Amino acid sequence: MESRELLSYLPKVDVLLNDINIISIKDVSRNIVLESVRETIDEYRKKILSGELKSFEYEDIVNDVLIKVKKKSSMHLKRVINATGTVLHTNLGRAVLSKSAIDAVINAASRYSNLEFDLEKGVRGSRYSHVEELICKITGAEAAMVVNNNAAAVMLVLSTLSKGKEAIVSRGQLVEIGGSFRVPAVMEQSGARLVEVGTTNRTHLYDYENAINDNTGVILKVHQSNYKILGFTEEVSIEDLMQLGKKYDIPVVEDIGSGVFIDMVKYGLTYEPTVQESIKKGIDVVTFSGDKMLGGPQAGIIAGKKKYIDKMKKNQLTRALRIDKMTLAALEATLRLYLDESTAINEIIVLRMLTLDIETLRKSAQKLSKMLKSRLKDFCEVEIIKEFSQVGGGAMPLENLETYVVAIKPLNMSLEKMDYLLRSLDVPIIGRIYKDRMLFDVRTLFEEEYKIIADSLYKISQE
Ligand SMILES: *Cc1c(COP(=O)(O)O)cnc(C)c1O
């Protein structure tokens, strides 16, 4: 058919607006419906004119309008099912909050709060007062404050202690995290001048000492979160750096990355330095994230000696980096859980997922696999495979957590197509493609999600 003739078959806006399926759309403003109708007709017209579209059915247009209306009227930021097995998946929002943290957010958001009001004295209070004592109690630090995230924390610390001065850092610690956070770039933004010492694999105490001069602001140690240098390596310990700092009266700052409060070795994970250890070794200032191993909301926590923390609280930059009240509420509730270790392990979702034992995981995989098998007989092969989950979030890069995954292999559909359809669902499901299978790692799944996965795959199999 010629494109001009095809164009003449395009329905008019009014016709579509009066279509029974489109009239029946509920709870959506008519503006959105009208806009969707117009845009859909326009898209068809363009495709016809470019020759891309050679024929169409009236029903196709109605369907596309319905899809567009749904997309325009639903939240863009939505819940997804994380079946990847990566517990701290930065692209999927890192830590899932505990029940008490969620309650605290709702409480802080729905009514007024004493965010910056001292209820005892009836005067203006400090935003940090809600968490400072808790952080000090848990970590042993003298003082603490919180900002938007750890990148902001590092920036504030350097801006306060080393603006216009030099900050000494080992070449082995010039890390980039997830493309957007490079330690050297953040340092530059803070106004500190970076002085790199040592080599990628070895930095000695004398490398630091040789770099010290009258214009040195801080000595910075950065935790190599997402990679490890193995083999012929040497890093200077916090104790030695502290001695050096004392000798020249220069503060020593550590960006520890993931804020671990509990020694996870007890729970079968690899050693990751805890915040308490750094404080105990006398570090002047330590910074870490709220939404990595700590398992709370996105936040940057700064803990250490009072004289330095006080300076940071007065820095004007603090106003730009300040933490929001909902985040603060979630953080306080999360920190409270740490007052009892077993409560923390059981209720902080990140810690619970990381410490799941293999037998529990095996049973969960069996349960999911059974549900999938009974619903998807001719659609795919379903099997259970022993695999590995990842911690993610720049913590424990070498940790391979044993897990069980349910692997499915579609019989009459490509994996790419299935992956696309899973991502297009109302509640998108993000799995992991491995060879010719799609893996669903039960470690990062919630039990109520098994049914959603089974129903969704069934729906896809009927398409
Ligand atoms: C993750 C990480 C950061 C960035 O933390 P955000 O909270 O994501 O800003 C900074 N430093 C190190 C060492 C990290 O691992």
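User: Hi! Is Phe-261 buried or exposed?
Analyst: Buried. In this predicted model, Phe-261 has a relative accessibility of 6%, and it counts as buried because the cut-off is under 20%.

User: What about Phe-261 and Tyr-338?
Analyst: Their ring centres are 4.9 Å apart and their planes stand at 85°, so that pair is edge-to-face. Tyr-338 comes from the loop between helix 15 (325-337) and helix 16 (341-347), 77 residues apart from Phe-261. Tyr-338 counts as buried, at 9% relative accessibility. Ring pairs link Phe-261, Phe-288 and Tyr-338 into a cluster.

User: Back to strand 12. How many of its residues are buried?
Analyst: Five of its five residues are buried. Val-285, Thr-287 and Ser-289 lie on one side, with Val-286 and Phe-288 on the other, and both faces are covered.

User: Which strands pair with strand 12?
Analyst: Strand 11 (residues 252-258) runs parallel to strand 12 and is joined to it by five bridges. Val-253 stands opposite Val-285 there. Strand 13 pairs with strand 12 in the antiparallel sense, also over five bridges, and Thr-287 faces Ile-302 across that pairing.

User: What do strand 11, helix 12 and strand 12 make?
Analyst: They make a right-handed β-α-β unit, with helix 12 covering residues 275-280.

User: New topic: what does UniProt place at Lys-292?
Analyst: The unreviewed UniProt entry lists "modified residue: N6-(pyridoxal phosphate)lysine" at Lys-292. Lys-292 is in the loop between strand 12 (285-289) and strand 13 (300-304), and is buried, with a relative accessible area of 4%.

User: How is the chain divided into domains?
Analyst: The assignment gives domain 1 (3-69), domain 2 (81-90 + 354-461) and domain 3 (99-347). The centres of domain 1 and domain 2, taken over C-alpha atoms, are separated by 37 Å.

User: Last one: where does the charged end of Arg-375 sit?
Analyst: Over the ring of Tyr-458, 4.6 Å from its centre.

How values were computed
Residues numbered from 1 in each chain as written. Predicted model: local features only at pLDDT ≥ 70, side-chain atom pairs only at ≥ 80, totals over all residues. Heavy atoms only, no water. UniProt positions renumbered as here; feature names shortened; annotations may be inferred. Helix = DSSP H or I, 4+ residues; strand = E, 2+ residues; numbered from the N terminus. Buried < 20%, exposed > 50% of the residue type's maximum accessible area, 1.4 Å probe, protein only. Domains from an automatic or database assignment. Pairing = 2+ DSSP bridges. Right-handed = clockwise from strand over helix to strand, strands pointing away. Phe/Tyr/Trp six-rings, centres within 6.5 Å; stacked < 30°, edge-to-face > 60°. Lys NZ or Arg CZ within 6 Å of the ring centre and 35° of its normal.
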